[in-house]
Amino acid sequence: MVHKEKMYSQRGIVSYMSKTDRNLRFPEHFSAAIFDFDGTLADTTQLWQKIDREFFESRNIPYDATLSEHISPLGFTDGAHWVIETYHLHESVDHIIDEWTAKGRAAYQNDVVLRPGAEKYLRYLRSKGIATALATVNDANVFRAMEARIPFHELFDVIAFGSEVGCGKDRPDLYTYVLSQLKTSARTTIVFEDIPVALKTAKSLSLITCAVKSDDQTQNMDLLAPYADYSISSWNDPRLVGPTGENNGLR
């Protein structure tokens, strides 16, 4: 199998690197980067909304997008506990996790791809000596369904799941675990996330935070702004925009 990096022409990589260097002024901005997956590196919001809608409506529970927003940062285990307690379901946590995993795995195996420019940006960071990590509350079994198509272990130094630390992104454990694995300081590490609760948690640890515009039509970037040092709208043009709109005004 031909690795995807061989598909990029040398001229294209050099052009991309020169442009990105001007935008981000490496290496003084950060020494490591932590990425969320769903909504940040991949457009999966509508996929999970469809899975969630089927899940709730099959139990005669009215669905709206705020349910997906609430469950998203919790991860499978905490999300299942929340659903059972909130709606008094007579189901086990494992049963709900199995249902979400089966539906997610089927969809991810065939349909989920990285957002345009994301893989090139990740390879660029690694070429500059910047450590990269994936921190997700998605299920490890769901991710394994994509391994034949997405070279995760070529793109990330560390891959961490919420299940490894026993909580979602509403608590700091996942980020502190990743920092320990990267052996890097929070103040020199940037986190890319697309939801407010994750950015708020990252901010509480003094991580550099970047809000990412996702495919979620209900996403309100104004809700992310209080917790974001920067924002980004496309991996094809990865300029970090500061709170006043200026390009690369790192603190």
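Predicted model: local features only at pLDDT ≥ 70, side-chain atom pairs only at ≥ 80, totals over all residues.
In helix α6, the buried residues are Ala118, Glu119, Tyr121, Leu122, Arg123, Tyr124 and Leu125. Buried here means under 20% relative accessible area, exposed means over 50%, and partly exposed is what falls in between (1.4 Å probe, protein chains only). Helices (H or I, at least four residues) and strands (E, at least two) are DSSP runs, numbered from the N terminus. So α6, which spans residues 118-127, is mostly covered, with 7 of its 10 residues buried.

Residues are numbered from 1 along each chain as its sequence is written, and side-chain values use heavy atoms, with hydrogens and water left out.

**The chain as a whole**

There are 12 helices and 6 strands in the chain. Of its 251 residues, 51% are buried. Its accessible surface comes to about 12,000 Å², and carbon and sulfur atoms hold 51% of that; these areas come from the Shrake-Rupley method with a 1.4 Å probe, and for residues only the protein chains shown count as cover. A contact means heavy atoms within 4.5 Å. Among contacts in the chain with a separation of 6 or more, 68% link residues 24 or more positions apart.

**Inside**

In soluble globular proteins, nonpolar side chains tend to be buried together. A nonpolar core is a set of buried Ala, Val, Leu, Ile, Met, Phe, Trp, Tyr and Cys residues joined through side-chain atoms within 4.5 Å. The largest one in this model has 54 residues, and Phe35, Phe37, Leu41 and Phe192 have the most contacts inside it. Helix α5 (residues 93-110) gives the most to this core, with 6 residues. A second, separate core has 18 residues, including Val137, Leu174, Ile195 and Ala202.

What does Phe192 touch, if you skip residues up to four places away in sequence? The list is Ala33, Ile34, Phe35, Asp36, Thr40, Tyr121, Cys210, Val212, Trp235 and Leu240. Tyr230 sits in strand β6 (residues 230-232). Asn110, by contrast, belongs to helix α5, and its C-alpha is 8.3 Å from that of Ala145, 35 residues away along the chain.

| Residue | Relative accessible area | State |
|---|---|---|
| Tyr230 | 3% | buried |
| Asn110 | 57% | exposed |
| Asn60 | 72% | exposed |
| Ser206 | 24% | partly exposed |

The loop residues have something else to look at. Asn60, in the loop between α2 and α3, has a positive phi of about 60° although it is not a glycine. Ser206 is not a glycine either, yet has a positive phi of about 70°; you'll find Ser206 in the loop between α11 and β5 (208-212).

**The largest pocket**

On a 1 Å grid over the protein atoms alone, a pocket is an open set of points where a 1.4 Å probe fits, with protein on both sides within 12 Å along at least five of seven lines, and lining residues have an atom within 4 Å of a point. The largest pocket has a volume of about 740 Å³, the volume being the space filled by probe spheres set on the points, which are joined across faces, edges and corners. Its lining has 33 residues, and Ser68, Glu69, Ser72, Pro73 and Ile195 lie nearest the centre. The elements giving two or more residues to that lining are α2 (45-57), α3 (65-71), α4 (75-87), α11 (196-204) and α12 (221-224).
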